[in-house]
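Please keep the structure open beside the text as you read.

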Amino acid sequence: MARLDVTETFQNILFPGHMHTQDSLNYATNFKFQDTDTVIVSYPKSGTTWMQEIITLVLSKGDPTIAQTQPNWARAPWLEQYYCPKVLEASKGPRVITTHLPYHLLAPALQDSKAKVIYVSRNPKDVVVSYYHFHKMANFLPDPGSFSEFLSAFLKGTVHYGSWFDHVKGWASHVNFLYITYEEMWQDLHGSLEKVSRYLMCSLTEDELTSAQKYCSFNSMKENAMVNYTLIPQEIMDHSKGKFMRKGKIGDWKNIFAEEQSDHFDAVYSSQMADASLQFKWECHEHVLQPRITVNTPASHSLRDI
Ligand code: PPS
């Protein structure tokens, strides 16, 4: 499948026609989850690949063999992408599934399911920067234009995969899942591995944790062809225009946002997140959510903190 210039619109959300079709999106929204499934959920550029690697290494007890021999999309396929049924049919043992879909599209399928959901979020200012650079190298995404133009589309929610705000607020209303931030993984990878292993009820010894930590570090993943997307042909992802494992930092937004862009972002954030059921602080936080946690601190304050 190439379809690099095709955009699929599904329930008013844009998806790259490369990898997504109306059939694949319908398959995802009608999917029959199994109670043994683990589902990684994220808005693009929030730490999806990192969580795929973390889960692979937790389930393999720190042994890197699978992480270094199977591409991430074959171990944890994206539910909404066309090849997913084939990968799942061939899979043995408990399934790990990835999705960028917003909550309202998957909620009916997940209702009454005991599948373990791990939601990864990231400071949206870093998300938009990472996403902007990704648009330049990924030939299945439209030309992002200037950063200012892309930022404006991101804040309006007209970029591919829809609104970041709707994504995080929607998934915050799901019952009982592991919520973890990119920032927490960055600041405490060892602790994050422990949390994921506890949630998956797969305990690791200290040596196994140390090994897992080594292989899901940024430097290790950057060199791992199974996750750095160098297996993808140049015409689909142009690595001369940028790297998938680009910087792997927190707070990189400060290198590109102008002050007025940051102020405008904060204002849109405050207004969009006023009704959020979870307080998002882009520091070290992890919650197994109960629905409708009250927000005590104005969310916009926390955005300025890092
Ligand atoms: S995608 O395309 O949605 O699957 O992208 P996603 O994997 O969600 O996000 C890519 C960004 O995550 C960074 N990344 C990491 N950062 C730190 N440590 C590790 N191990 C790691 N693995 C991936 C990757 O570099 C992208 O962020 P940026 O800011 O662009 O570097």
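## Ground rules

This is a predicted model, in which local features need pLDDT of at least 70 and side-chain atom pairs count only at pLDDT 80 or more, while totals for chains, interfaces and linings use all residues. Residues are numbered from 1 along each chain as its sequence is written, and side-chain values use heavy atoms, with hydrogens and water left out.

## The whole chain

The protein chain has 15 helices and 7 strands; these are DSSP runs numbered from the N terminus, with helices (H or I) of at least four residues and strands (E) of at least two. Its C-alpha trace spans about 50 × 45 × 40 Å along the principal axes. The radius of gyration, taken over C-alpha atoms, is compared with a globule rule of 2.2 Å times the number of residues to the power 0.38. For 306 residues a compact globule would come near 19 Å, and the 18 Å of the protein chain agrees with that.

Of the 306 residues, 56% are buried. Buried means under 20% relative accessible area, exposed means over 50%, and partly exposed lies in between (1.4 Å probe, protein chains only). Among contacts (heavy atoms within 4.5 Å) between residues at least 6 apart in sequence, 71% join residues at least 24 apart. The accessible surface, from the Shrake-Rupley method with a 1.4 Å probe, comes to about 13300 Å², and 51% of it belongs to carbon and sulfur atoms.

## Helix 9 and its cover

Helix 9 (164-172) is largely enclosed by the rest of the structure, because 8 of its 9 residues are buried. Those buried residues include Trp164, Phe165, His167 and Trp171. Their cover includes strand 3 (38-42), helix 6 (103-110), strand 5, helix 7 (124-137), helix 8 (147-156) and helix 14 (259-272). At the start of helix 9, a side-chain oxygen of serine 163 reaches to within 3.1 Å of the backbone nitrogen of phenylalanine 165.

## Two histidines in loops

Histidine 174 sits in the loop between helix 9 and strand 6 (178-181), and it is buried at 10% relative accessible area. Leaving out residues up to four places away in sequence, histidine 174 touches Tyr103, Leu110 and Val117.

Histidine 20 lies in another loop, between strand 2 (13-16) and helix 1 (22-29). With 1% relative accessibility, histidine 20 counts as buried. Beyond its neighbours within four places in sequence, its contacts include Met1, Arg3, Glu80 and Tyr161.

| Side chain | Partner | Distance |
|---|---|---|
| Histidine 174 | Side chain of tyrosine 103 | 3.1 Å |
| Glutamate 184 | Side chain of lysine 195 | 2.7 Å |

Glutamate 184 belongs to helix 10 and is buried, at 3% relative accessible area. Its C-alpha atom is separated by 9.2 Å from that of arginine 122, 62 residues apart along the chain.

Helix 11 (residues 189-199) has among its buried residues Leu189, Leu193, Val196 and Tyr199. Cover for the buried residues of helix 11 includes helix 2 (48-59), strand 5 (116-121), strand 6, helix 10 (182-187) and helix 12 (206-215).

## Positive phi values

Most residues other than glycine have a negative phi. Which value does phi take in methionine 201, the residue that follows helix 11? It is positive, near 55°.

Glutamine 11, in the loop between strand 1 (7-10) and strand 2, also has a positive phi, near 50°. At 51% relative accessibility, glutamine 11 counts as exposed. Methionine 19, in the loop between strand 2 and helix 1, has a positive phi near 85°. Methionine 19 counts as partly exposed, with 21% relative accessibility.

Technical notes:
A polar contact is a pair of N or O atoms within 3.5 Å; within protein, one must be able to donate a hydrogen and the other to accept it, and residues adjacent in sequence count only if both atoms are side-chain atoms.
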